[in-house]
Amino acid sequence: MSGADGGTDGGAQGDPTPDRTPVENADICVVGAGPAGALVADRLAGRGHEVVVLDAGPRFDPSTRRRRQEMAIRPAYDRPDVWDGDPERDAHSASGEWFYPLNHARVKGVGGSTLHWQGMVMRLHEDDFASATERGVGVDWPIDYADLRPYYAEAEAELGVAGASDNPYAPPREEPHPMPAFEPSYSDSLFAEACEELGIDMHSVPNARNSESYDGRSQCVGYGTCQPVCPSGAKYDATVHIERAEEKGATVIDRAPVEYLHHDADRVTAAEYATPDGDRHRQDADAFVLAAGGVEIPRLLLLSESETYPGGLANSSGAVGKFFMDHLFAGMGGTLDEPTRQNHVGFLTSESHQFYDEADAEVGPFKLEFFNYAGPSPVEMALSGGDWGDDLLDRLRDGYGTHIAMGGLVEQLPREDSYVALDPDRTDDRGNPVPDVHWNVGDRALRTLERANEVQRSVLEELGAEIEWSVGPDNTGPAYHHMGTTRMGTDPTESVVDPDLRTHDLGNCWIASSSVFPTAGAMNPTLTIAALALRAADAVDAAL
């Protein structure tokens with residue numbers, strides 16, 4: 001995990017010069033303050049351990065969220081600008097057959113990707129844990145759904161999930177969601193009529209945003225800018241658990257990029273990090289948890305090479321960085337000759353998993369999404385057109401409120417030629433090799449995109465929509481879900497971590513991240529990340 005100063009809001013609130021020196025007698029050092037690191041820190045601090053969290057980016061002042069919301073809707077700002085992206089600090093390469101725009105959708109800072117995520121939190125299906133057995137492709141996970149099921153329930157309670165038990169295709173669950181689901185939007189009702197004619201089931205989307213007051217946070221107030229900023233705090237972000245961890249005694253050090261993990265043959269001994277004033281420190285601890293995501297974790301392990309580990313730390317298998325996966329986007333949209341109220345709700349309220357478990361070796365799992373935010377919002381139209389007065393009103397009447405669209409996520413299989421490596425020719429602002437995301441996709445994913453587009457087209461044509469755009473095999477892109485680069489397994493020659501997420505090579509180092517996913521499925525990964533983080537925290541606690 002690497003970087004330097006990033007943004008104007010870094011540092012403890014009200015303290016422009018926070019103490020960034022190492023914590024003495026630390027039990028656990030967590031690298032990364034996103035959702036996985038925050039949950040691990042909170043759980044272990046709550047069990048009496050001395051925990052220190054190091055994050056490469058700044059701590060953002062919550063009072064700036066309204067300003068960031070304004071930036072998000074103004075066309076002058078690109079998406080990374082909203083959370084103070086730094087092109088030099090965050091430099092990367094993309095050498096694969098498919099270009100990977102890494103910085104479009106990542107945040108370096110306390111809270112991580114949950115600061116700008118959309119907030120959908122569904123469980124993987126049972127067959128996702130046994131892809132080789134049930135679908136004839138990929139690999140099986142060394143754990144199954146039953147192993148993770150109680151942690152899924154805990155994760156839903158921790159994040160605060162609004163949902164309903166109305167999905168006949170979802171895996172079994174033990175209790176209702178913590179909050180009731182959001183009501184279907186108006187545009188969902190239009191989709192529902194078409195889907196009923198076609199025999200396609202729609203159901204609610206579990207969201208990590210409050211449909212009612214929960215855990216001291218207000219219910220959603222409908223700003224509609226969920227991605228990339230929720231000003232109200234109704235959408236969960238990892239600062240919730242970072243603050244809880246601090247209340248329990250944990251120490252969080254921001255703008256502290258970890259650049260090397262000192263180690264001996266079977267243990268990590270210290271995390272070496274830099275600070276904005278140019279100092280370098282070594283944080284000692286009894287145990288280390290890497291939680292910096294599916295790109296920065298393998299990068300850090302590769303940067304930590306030594307005579308003992310010439311190919312990178314924890315990499316006796318050669319699998320560190322390999323099998324990089326993301327979800328591919330399938331979409332289609334256009335206009336209707338009637339009001340749709342599109343871009344009235346900033347998140348999804350309905351989806352369909354009906355075709356998910358039909359997956360086999362030829363066509364992968366995919367889920368369908370019914371968009372509530374196709375087309376520009378009135379604010380975006382007003383800010384971008386250059387019109388005023390009656391001309392603006394005419395443009396709003398003609399251009400807003402008739403857009404309709406569907407989306408979907410498609411699984412990519414793990415491939416050895418899809419990986420994260422170090423770029424030998426390019427460095428970041430601190431002189432460290434940048435990550436090179438070498439992304440390759442595979443024919444099965446392209447066939448699955450075609451199948452998802454077929455279903456989307458049938459729904460939109462049943463609606464009578466004029467289809468104006470589509471995203472499929474020829475122009476798809478990533479969902480920015482980084483998975484697979486430190487895969488989980490029981491064989492140390494083929495995987496990086498064991499079923500308890502401890503590295504095979506290092507007895508005191510765990511990895512809590514979607515980087516441990518052996519396969520990707522086609523569900524948004526954050527709930528599974530959270531469940532695995534809680535499982536890892538229990539394993540660390542038991543080992544100390």
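1. Strand β17 (residues 433-438) is largely enclosed by the rest of the structure, because five of its six residues are buried. Buried means under 20% relative accessible area, exposed over 50%, and partly exposed in between, with a 1.4 Å probe and protein chains only. Strands are DSSP runs of E with at least two residues, helices are runs of H or I with at least four, and both are numbered from the N terminus.

2. This is a predicted model, where local features need pLDDT of at least 70, side-chain atom pairs count only at pLDDT 80 or more, and totals for chains, interfaces and linings use all residues. Residues are numbered from 1 along each chain as its sequence is written, and side-chain values use heavy atoms, without hydrogens and water.

3. β17 runs antiparallel to β16 (residues 419-427), and five bridges join them. T427 stands opposite P433 in β17. The two strands form a hairpin with five residues between them. In the turn, G431 has a positive phi of about 85°.

4. V363 is found in the loop between β13 (350-352) and β14 (366-370). V363 counts as partly exposed because its relative accessibility is 25%. Beyond its neighbours within four places in sequence, V363 is in contact (heavy atoms within 4.5 Å) with R444, T448 and R451.

5. Helices α1 (residues 35-46) and α12 (residues 526-543) pack at an angle of about 35°, with axes 9 Å apart. Residues of α1, including L39 and R43, meet residues of α12, including A533 and D541. By class, this contact has ten nonpolar, no polar and three charged residues.

Terms used
Axes are lines fitted to C-alpha atoms, for helices over the stretch in contact, and angles run from 0 to 180 degrees between N-to-C directions. Ala, Val, Leu, Ile, Met, Phe, Trp, Tyr, Cys and Pro count as nonpolar, Asp, Glu, Lys and Arg as charged, and the others, Gly among them, as polar. Two strands pair if DSSP finds at least two bridges between them.
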